[in-house]
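Please open the model in a viewer and keep a selection tool at hand.

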Amino acid sequence: MSLDNTYTDRELLQQVASGDVVAFRQLFDLYRMRLFSFVLKMTHSAADAEEIVQEVFTKLWTNRDSLPAVEFPGKYIYTIARNKTLNHLARAARDQQLQQQLWINLSPYHNTTEDLLQAQESQRLINEAINLLSPQRQTIFRLSREQGLTHEEIAARLGLSKSRIKNILVEILKHIKEQLVRYSAILPILFWF
């Protein structure tokens, strides 16, 4: 991005910070499609990508008072998009129905070869994160996510309390998210080549 574009982006942010709706629309038009592509590569769902992009711009508008301090608008906006996307993926990991929809989105019937390669790389990273867990945590994760058992069923099977199972699953999902965050900046870059 040239220096002139950075200045223009910063100027737009300053105008948005002062409540300028026209500047906000220009910023939206400038970043909307680029953010959509960025988020789509991570979610593999056009509907989810569109929703996340809307959330990014909603956050920009509602937090416009903090915009004057932003030095690198593009980096700032992409960071919001990445964080919103990772939060969405974490919610999907907790929500069985949303997780099933993500798997459908990853099926070969809905994606190009490039999308499939990225999905396989993402799954590989998730599997690596799971393999770093203790055997007990791996078992709990697989019983929950692969076999679809409830917290109560897992607790009964492993002789643990339901609340302990719930806490362990929260910790597992946090671990997976942290592992994915480490690679989130490079994953989209890998597939641009």
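**Aromatic pairs and charges over rings**

Begin by selecting F24, which is buried, with a relative accessible area of 17% (buried means under 20%, exposed over 50%, partly exposed in between, with a 1.4 Å probe and protein chains only). This is a predicted model, in which local features need pLDDT of at least 70 and side-chain atom pairs count only at pLDDT 80 or more, while totals for chains, interfaces and linings use all residues. Residues are numbered from 1 along each chain as its sequence is written, and side-chain values use heavy atoms, with hydrogens and water left out.

Rings of Phe, Tyr and Trp (its six-membered ring) pair if their centres lie within 6.5 Å; planes under 30 degrees apart are stacked, over 60 edge-to-face, and the rest tilted. This rule gives five aromatic pairs. F57 is buried at 2% relative accessibility. Now extend the selection to F28 and W61, which form one aromatic cluster with F24 and F57.

Next, select Y31 and Y78, an edge-to-face pair with 6.4 Å between centres and 70 degrees between planes. Y31 is buried at 0% relative accessible area, whereas Y78 is partly exposed at 25%.

Finally, show two arginines. A charge sits over a ring if NZ of Lys or CZ of Arg is within 6 Å of the ring centre and within 35 degrees of the ring normal. R34 lies over the face of Y31, 4.5 Å from the ring centre; R64 lies over the face of W61, at 4.1 Å.
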